[in-house]
Amino acid sequence: MLATAARQLRYVATVLRGGRFDVDALRKMVTDLRQTLDELGEPGDGADEMLPGSGVDDPEIRRAMADRRLRQAIRQAAEHTAYYRLWFEEHGVDPARIGLDQLHQVASTPKSALRGAGPAFISDRSEPVLMAQTTGTTGTPTVVWFSRYELELSAVLSAISYLMVGGVREHHVSMSCVSSRATVGLISVQRALGLVGAGFVAQGLVDPGIALDRLATPLHLPGKAPHITDLYTVPSYLGALVQRAEQDGWQAGDFGLRQILTGAEILTDALRERVREVFDVPVSDVYGMTELVPTTGLVCARQHLHLASEQAHFEVLDRAADTPAAVGEIGELVATPYAPYRDTTLLVRYRTGDLVRRLPDEPYGCELAQLPATSPIVGRAKHFTGGPTARDILEVLQGVREVPLPTRYALSGDPLKPDLHVVAPEGVLGRIEDLATARSLQVADIVLVDEARDLPEPCRVRADLYEHSFETSRS
Amino acid sequence: MFTLQNFALLDLLIALTVVLGLGYAHRFRLPRPPVGRSTASDVLIMSCLVVVMPITYLAMPAPAVSAVFGVMIFVSLQLALGPLVGGRPATAAAVLLVAATAGAAIAGYGTLVLVLNSALIMIVVIGVTTLWTQTGMTAGHVAAFAATLAVYDLFATGLGDMTDRFLAQVEGYPFAPLLAVTTGAVPVAAGLGDCLMLALWPMVATKAYGRTAGWVGAACGIGLIILVQVGFATGVLRSGMAFLTVLGPAILVQYLVWRGIHGAERRTSRWLGGPAPVVDTSGRVDRLSAALRTARTATDRPADTWVAVDDDAVIAQGPTPGTALRAARRAGYQGVPFIRQL
């Protein structure tokens with residue numbers, strides 16, 4: 001206990017100081033945490049203060065810490081990456097003078113800049129060991145390199161979070177149904193669960209029937225739950241699982257799930273409700289992207305997206321200018337990962353391409369109120385035309401049971417009041433229109449099509465990153 | 001003065017401390033750090049402190065030693081009284097008790113100091129032993145600690161004069177680490193270390209092996225105290241006897257006996273009324289072996305079929321493992337069948 005206390009003090013000091021973490025000491029802290037849970041059942045009082053973003057209530061202290069970390073991140077980026085060194089030189093801005101109050105002087109970094117010149121963002125003081133590619137639907141992957149330090153830190157912080165927040169224990173077994181090319185996420189989860197002592201199954205985006213079969217198959221492993229307990233996937237594939245489970249007559253009692261975690265796409269309330277009916281488990285909506293690893297966010301019960309402000313500085317900027325979006329307006333989420341968490345691919349004011357609404361500066365009144373928040377992701381900047389958001393559309397379409405999952409649609413015509421083309425069977429148009437009217441969805445017309453290829457433009461979802469398998473689904 | 005009444009009063013106070021400690025630890029939860037449990041390294045560190053601190057105390061002036069113990073007692077009082085009366089009242093009560101003891105000593109009320117000091121020591125012993133127990137100190141740790149203290153006490157008290165010199169140093173000062181019923185150079189008293197071990201072992205034994213082990217531990221401890229007192233009364237033993245050289249081996253023996261009977265110790269969370277482990281896969285190999293034998297009897301099924309098997313019956317079948325489980329569920333089977341391909 002005394003050695004554990006010393007390690008905790010050291011961790012807190014590092015967080016406050018903003019220095020580089022001792023990953024080995026953090027790994028020992030995970031062991032301490034496991035031993036504590038094993039012997040005492042639950043962590044002691046104040047355990048939540050160990051989590052990133054917690055423990056400091058004073059806004060002034062929080063601001064001072066953020067300022068110091070931001071200055072550190074900008075200094076490192078300006079000194080050690082070609083892109084930012086050039087930017088600061090060309091614009092005559094002294095990086096040493098940039099803190100929270102001066103950040104507006106630095107231009108945001110568009111996604112295209114990273115995608116088009118990846119090596120220019122890599123610190124010359126780093127030791128890159130893993131290249132991760134984004135698996136988004138934009139067509140051209142963005143490349144992000146990571147060091148061993150970053151990967152190990154990400155894993156160990158995830159392990160602490162799993163134990164303290166996720167309630168993951170040694171007897172749990174998680175299954176991942178995300179693209180096998182989501183390298184950094186998979187490595188981080190696998191290493192984190194290994195530290196926790198929990199089981200991990202990397203299933204990939206296979207035929208949903210195969211995944212359901214795997215979820216139902218008893219494990220009979222020593223010290224482990226009878227079935228897979230946790231499922232990590234993307235909402236579009238979760239939709240496909242729900243659809244297949246409904247078709248094949250699977251019931252919640254056929255599985256042993258306790259929770260589902262999704263991310264990287266929009267999770268609607270409508271889909272969440274259908275998941276509850278089929279699997280009878282809660283679904284958590286987690287925010288994360290390859291470029292920002294290990295920074296994450298979590299949607300709370302009151303539908304705020306809370307962001308790990310201890311790991312990165314977040315802003316909601318106007319979609320077209322580097323000015324803050326107005327309260328209640330839709331803006332683009334922009335992030336600057338802090339230096340202690342990132343030492344290889346360094347980013348300053350990185351435009352994530354994810355759209356959120358800026359929330360009023362008032363107490364959030366939820367369980368994560370100490371963390372800054374926005375609305376949940378409402379869509380992608382690339383696809384937004386100023387009319388209805390992707391979230392608004394999906395809430396309507398996924399609320400109609402007959403519309404097949406994953407939901408596929410496209411917009412055409414007037415950007416502010418477009419025509420909505422949906423892959424759906426005949427006979428559901430009236431119900432979609434009723435729901436659209438009830439939810440004030442601003443569309444001119446709703447057009448049903450039989451196949452995805454009949455849409456005016458492709459509708460790509462992550463579930464399309466389908467992986468072939470020799471295994472057959474015969475359910 | 002070594003009288004039967006004084007010995008009986010001391011025994012009564014020790015017994016009261018042990019019994020109150022058992023009740024307190026079962027009913028109240030002391031605050032503990034967010035992460036961390038008692039480990040072998042903690043026992044090692046405590047053992048080192050036990051050896052080093054008395055040497056340090058002897059090098060310090062008596063008032064300073066008294067002040068150090070006053071602070072330690074104040075912190076322990078706060079800790080122990082907190083769950084009883086709440087945080088701020090506990091602090092106020094601790095301040096009051098410590099101030100009253102110090103004030104009585106300064107005013108020269110020796111008897112009052114004796115009474116207050118004994119009360120403080122009893123509360124401290126209950127608080128500290130509860131904290132150690134509730135932070136997961138195991139019976140094995142206590143046995144190791146007791147064995148270490150036995151060796152230390154043999155040299156510091158039995159063969160050497162360190163304890164005698166320390167007692168002489170703190171005589172007449174408040175916050176002396178003694179549960180005493182008389183004053184003077186040779187008081188009828190038990191040292192703080194003796195009291196801690198007398199209270200700690202029954203508590204941890206109860207946690208690890210159940211109520212019987214706890215009561216046996218308590219009875220053994222108090223019985224040994226009485227035996228030693230008989231030794232004093234009959235002149236067989238001299239005053240300042242190294243009690244831990246007797247209690248330490250007794251705890252070690254009890255630990256070995258209970259471990260032989262029960263095997264693994266009960267987890268602290270279970271003792272505190274926490275839920276049973278969610279997953280129990282004991283007997284897994286036997287159950288899988290039985291299921292494998294049963295599956296051999298399913299010779300009437302087509303090859304490659306997946307069958308769901310209980311210990312002694314084939315329950316359902318399907319083209320895949322999951323569908324076999326699903327068929328078993330639809331047949332009303334709610335257990336976890338073994339599934340194998342024919």
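Helix α1 of chain A (residues 2-17) has 16 residues and should span 22 Å at 1.5 Å a residue; its end C-alpha atoms are 22 Å apart, which agrees. The expected span is 1.5 Å times one less than the number of residues. Helices here are DSSP runs of H or I with at least four residues, strands are runs of E with at least two, and both are numbered from the N terminus. After α1(A) comes A:Gly18, with a positive phi near 80 degrees.

This is a predicted model, in which local features need pLDDT of at least 70 and side-chain atom pairs count only at pLDDT 80 or more, while totals for chains, interfaces and linings use all residues. Residues are numbered from 1 along each chain as its sequence is written, and chains are lettered from A and ligands numbered from 1 in the order in which they are written.

Further along chain A, A:Ser176 lies in strand β3 (residues 173-177). A:Ser176 counts as buried because it has 23 C-beta neighbours inside 10 Å; the cut-off for buried is 20 or more other C-beta atoms within 10 Å, with exposed at 12 or fewer and partly exposed in between, the C-beta atoms being placed from the backbone. Beyond its neighbours within four places in sequence, A:Ser176 is in contact with residues including A:Leu186, A:Val201 and A:Tyr232. A contact requires C-beta atoms, placed from the backbone, within 7 Å. A:Val378 is 202 residues away from A:Ser176 along the chain, and their C-alpha atoms are separated by 24 Å.

Chain B contains 13 helices and five strands. Its radius of gyration, taken over C-alpha atoms, is 28 Å, whereas a compact globule of 342 residues would have one near 20 Å, by the rule of 2.2 Å times the number of residues to the power 0.38. The C-alpha atoms fill a box of roughly 95 × 50 × 35 Å along the principal axes. Of the 342 residues of chain B, 40% count as buried. Among contacts in chain B with a separation of 6 or more, 68% are between residues 24 or more positions apart.

Strand β3 of chain B (residues 306-309) pairs with two strands, where pairing takes at least two DSSP bridges.

| Partner of β3(B) | Sense | Bridges |
|---|---|---|
| β4(B), residues 314-318 | antiparallel | four bridges |
| β5(B), residues 338-341 | antiparallel | four bridges |

β3(B) and β4(B) form a hairpin with four residues between them. B:Ala308 has B:Ala316 of β4(B) as its bridge partner, and B:Trp306 has B:Gln341 of β5(B). In β3(B), B:Trp306 and B:Ala308 point one way, B:Val307 and B:Val309 the other way, and all are buried. Side chains in a regular strand alternate between the two faces of the sheet.

How values were computed. Two residues are in contact if their C-beta atoms, placed from the backbone, lie within 7 Å.
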